[in-house]
Amino acid sequence: MKIGILISGRGSNMVALVDAVKRGEIPNSSIAVVISDKPNAAGLEKARARGVETIVVQRRGRTREEHDAEIIDELRKRDVELVCLAGYMRLLSKDFVQAFADRIVNIHPSLLPSFPGLNVQQQAIDHGVKVSGCTVHFVNEDLDAGPIILQRAVEVKDDDTAETLAARILEEEHGAYVDAVRRIVSSRATR
Ligand code: GRF
């Protein structure tokens, strides 16, 4: 299965997927391309260093639909079959979701449906939850609301800050994302 990864920043989940594919931990798959909407995304250099093709597709004042159309085009040119969002900070248009129906997944740093959106680790702390974690889910037209593939739980400690909690969740994210993509590629997870 040809995988395309969309990033906007650090790219640690992207690196986890690329390295897992290289190590044969996601059999029968390859990373076709890493696309960023931000030219300065730190993940771009990490992808290049691993020999993965990278492309920058900036929004440049275009509508969401026009921007997405260019990304869809780049993904199709490379026969991408599965799109993994990995810290991609833009909402996808309806056209994008429909172009890759049931073939887009995302990782989110909370146990959905609790805390969709942004700054979710701070929200978890403000709410006083004792357990948080991460969720890998299929992407539909609603934010962080598509069918859940898997979740991993993480303890929230009394002295946690948003930063310490985010770091503890991130450690679980990498393995969770690899596990979820492995299940999809082997058809053990379907919409
Ligand atoms: C992760 O916490 C992910 O769950 C969220 O954005 C962050 C991206 O981190 N969607 P990275 O770019 O993968 O390091």
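**Before starting.** This is a predicted model, in which local features need pLDDT of at least 70 and side-chain atom pairs count only at pLDDT 80 or more, while totals for chains, interfaces and linings use all residues. Residues are numbered from 1 along each chain as its sequence is written, and side-chain values use heavy atoms, with hydrogens and water left out.

**Stop 1: the ligand.** Select the ligand and then the residues around it: Arg10, Gly11, Ser12, Asn13, Gly87, Ile107, His108, Pro109 and Glu173. A residue belongs to this group if one of its heavy atoms lies within 4 Å of the molecule. Next, display the polar contacts (pairs of N or O atoms within 3.5 Å; within protein, one must be able to donate a hydrogen and the other to accept it, and residues adjacent in sequence count only if both atoms are side-chain atoms). A side-chain N or O atom of Arg10 is 2.5 Å from an oxygen atom of the ligand. For Glu173, a side-chain N or O atom is 2.7 Å from a ligand oxygen atom. Of the 370 Å² of accessible area that the ligand has on its own, the protein covers 86% (Shrake-Rupley method, 1.4 Å probe; for residues, only the protein chains shown count as cover).

**Stop 2: helix H5.** Select residues 120-127, which form H5. Helices (H or I, at least four residues) and strands (E, at least two) are DSSP runs, numbered from the N terminus. Which residues of H5 are buried? They are Val120, Gln121 and Ala124, where buried means under 20% relative accessible area, exposed over 50% and partly exposed in between (1.4 Å probe, protein chains only). Seen down the axis of H5, these residues fall within an arc of 105°, so they line one face of the helix; the arc is that of the directions from the helix axis to the C-beta atoms. Their cover includes strand E5 (104-108), strand E6 (131-138) and helix H6 (162-185). After H5 comes Gly128, whose phi is positive, near 75°.

**Stop 3: Gln121.** Select Gln121 in H5. Its relative accessibility is 14%, so Gln121 counts as buried. Gln121 touches Pro109, Ala162, Leu165, Ala166 and Ile169, not counting residues up to four places away in sequence; contact means heavy atoms within 4.5 Å.

**Stop 4: the aromatic pair.** A search of the whole structure finds 1 aromatic pair. Select Phe96 and Phe100: their ring centres are 6.0 Å apart and their planes stand at 55°, so the pair is tilted. Rings of Phe, Tyr and Trp (its six-membered ring) pair if their centres lie within 6.5 Å; planes under 30 degrees apart count as stacked, over 60 as edge-to-face and the rest as tilted. Phe96 is buried, at 0% relative accessible area, and Phe100 is buried at 6%.
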